[in-house]
Amino acid sequence: MKNFKDISYLQMAYSLAEKAKGWASPNPYVGAVIVKRGIIVGYGYHEKPGKPHAELVALQMAGPLSRSSSAFITLEPCVHWGRTPPCVESLIQVRPKRVVISALDPNPLVFKKGVKRLRQAGIQVSSGLLEEKNKYLNEIYLKYITKKLPFVAAKTAISLDGKIATKKFDSRWISSRQTREYVHLLRGEYDAIMVGISTLIKDDPFLTVRHRNWKGKKTTRIILDSRLRFPLNARIISTLSQGKIMIFTLKKASRKKAEALTKKGVDVVFLPRSSSKVDLQEVLAWLGRNEIASVLVEGGSLLLTSMFEQKLVDKIFLTISPKLIGGREAPSILQGDGADCIKDSLVLKRINSFQIDEDIIIEGYF
Ligand SMILES: [Zn+2]
């Protein structure tokens with residue numbers, strides 16, 4: 001019975017944590033509930049970096065009622081000084097009777113240390129209940145904090161015959177209006193959106209998050225552009241208030257063009273290594289170092305192909321639209337050499353599919 005109650009309080013804490021999705025990055029999404037004699041006396045979640053952590057918000061709401069309470073937290077409380085002081089110390093100060101933690105924090109600075117510190121202070125601690133939920137909710141954080149690399153999701157729409165455009169490169173629109181709205185909802189969950197320069201030149205997109213759920217959300221736009229072909233009159237430049245625009249280019253690219261772009265407010269990053277193409281692994285490492293915890297790659301097919309070939313994609317959102325495009329010259333989702341044998345193909349795991357209007361959306365992991 002006690003376990004059943006613990007589960008429902010943790011579930012409540014998870015619903016709170018969900019509210020942080022897309023906002024708290026690069027921090028994890030965490031929720032907390034404080035219960036005293038069967039009554040919820042405090043609850044909260046971590047809104048965004050610099051704001052108090054979930055357990056602190058909940059403890060503050062509970063005030064003196066925190067003493068001898070049960071605290072339910074979706075993630076192990078931190079033990080280190082980050083942008084805010086360590087939460088274990090705040091917990092120890094108010095002395096709850098029991099702390100129920102769903103998942104341990106994968107951050108090596110915290111992992112198991114939070115639990116240990118609480119136990120040392122004589123507080124009863126349990127962990128592991130509903131921890132699977134955390135792996136899914138915090139999939140971005142899990143990769144970012146352990147590998148210092150952003151979580152990479154790829155998003156694209158194809159026809160029934162696997163084409164992303166016609167032979168004349170027309171791709172507007174393969175998916176339905178409702179699906180495209182869903183994509184805007186999805187964009188908000190990521191720190192950055194990435195496209196190749198050809199897509200930017202061809203489509204002249206804004207790459208902004210246009211969805212009522214994400215009002216005020218800033219998303220970084222990343223363009224990979226080895227020769228700095230980025231047009232100075234690209235429409236995206238008018239959207240700088242909705243997030244940074246970063247162009248990754250090579251050492252040999254024109255400094256004069258870079259200067260002109262910088263003047264317009266665009267960030268230009270010169271990658272130190274010299275090669276003929278922008279090195280994707282180098283870009284991802286740079287983003288990880290600069291607290292970009294997640295990237296949504298939206299194309300085009302050359303960028304997606306390189307991403308898949310180098311096995312850099314963690315998750316895919318694939319829209320299959322009930323259209324047959326045909327044509328040998330019409331590009332398909334993947335170019336490149338491709339696999340020799342079926343057994344060499346990339347295989348999606350943990351697949352989830354659903355329908356929006358007449359489109360089928362497939363989500364899966366690599
Ligand atoms: Zn904390």
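Modeller: Before we look around, one term: helices here are DSSP runs of H or I at least four residues long, strands are runs of E of at least two, and both are numbered from the N terminus. Please keep in mind that this is a predicted model.

Colleague: Happy to. What do the helices and strands of the protein chain come to?

Modeller: The chain has 11 helices and 14 strands.

Colleague: And what makes the protein chain as compact as a globular protein of that length?

Modeller: For 366 residues the globule rule gives 21 Å, and the radius of gyration is 23 Å, close to that value, so the chain is as compact as a globular protein of that length. Its C-alpha trace spans about 70 × 45 × 40 Å along the principal axes. Buried residues account for 51% of the 366. Of the contacts between residues at least 6 apart in sequence, 72% join residues at least 24 apart.

Colleague: Let's turn to a loop. Where does W173 lie?

Modeller: W173 is in the loop that runs between β6 (151-159) and α7 (177-187).

Colleague: How do you know that the peptide bond joining R172 and W173 is cis?

Modeller: Omega tells us: for R172 to W173 the angle is about -15°, and the bond is cis. Another cis bond runs from S25 to P26, where omega is near 5°. P26 sits in the loop between α1 (2-18) and β1 (31-36). As background, most peptide bonds are trans.

Colleague: What makes the phi of K148 worth a look, and is the value positive or negative?

Modeller: Phi of K148 is near 55°, which is positive in a residue other than glycine. Most residues other than glycine have a negative phi. K148 belongs to the loop between α6 (139-147) and β6. Phi of K311 is also near 55° and positive, and K311 is in the loop between α11 (301-309) and β12 (315-321).

Colleague: Why is K148 called partly exposed?

Modeller: Its relative accessibility is 44%.

Colleague: Then why does K311 count as exposed?

Modeller: K311 has 66% relative accessibility. The cut-off for exposed is over 50%, so K311 counts as exposed.

Colleague: What makes M12, I40, Y43 and M61 a nonpolar patch on the surface?

Modeller: Patch members need over 30% relative accessible area and no salt bridge, and nonpolar side chains are joined within 5 Å. Take Y43, which lies in strand β2 (residues 39-45): its relative accessible area is 43%, and the cut-off is over 30%, so Y43 passes on area. Together the four residues have about 350 Å² of accessible area.

Colleague: Now the inside. How many residues has the largest nonpolar core?

Modeller: It has 32 residues, and M194, L224, F248, V283, L287, V297 and M307 have the most contacts inside it. L287 touches P150, M194, I222, F248, I292 and V295, leaving aside residues up to four places away in sequence. A separate core of 24 residues includes A54, L118, V125 and Y141.

Colleague: And which residues of helix α3 are buried?

Modeller: In α3 (residues 87-94), these are C87, V88, S90, L91 and I92. They pack against α2 (54-62), β3 (70-75) and α4 (113-120). After α3 comes R95, with a positive phi near 55°.

Conventions
Residues numbered from 1 in each chain as written. Predicted model: local features only at pLDDT ≥ 70, side-chain atom pairs only at ≥ 80, totals over all residues. Heavy atoms only, no water. Buried < 20%, exposed > 50% of the residue type's maximum accessible area, 1.4 Å probe, protein only. Contact = heavy atoms within 4.5 Å. Patch = residues over 30% accessible without salt bridge, like charges linked within 9 Å, V, L, I, M, F, W, Y side chains within 5 Å. Areas by Shrake-Rupley, 256 points an atom, 1.4 Å probe, with all protein chains shown as cover. Salt bridge = Lys/Arg side-chain N within 4 Å of Asp/Glu carboxyl O. Core = buried A, V, L, I, M, F, W, Y, C linked by side-chain atoms within 4.5 Å. Rg over C-alpha atoms; globule rule 2.2 N^0.38 Å.
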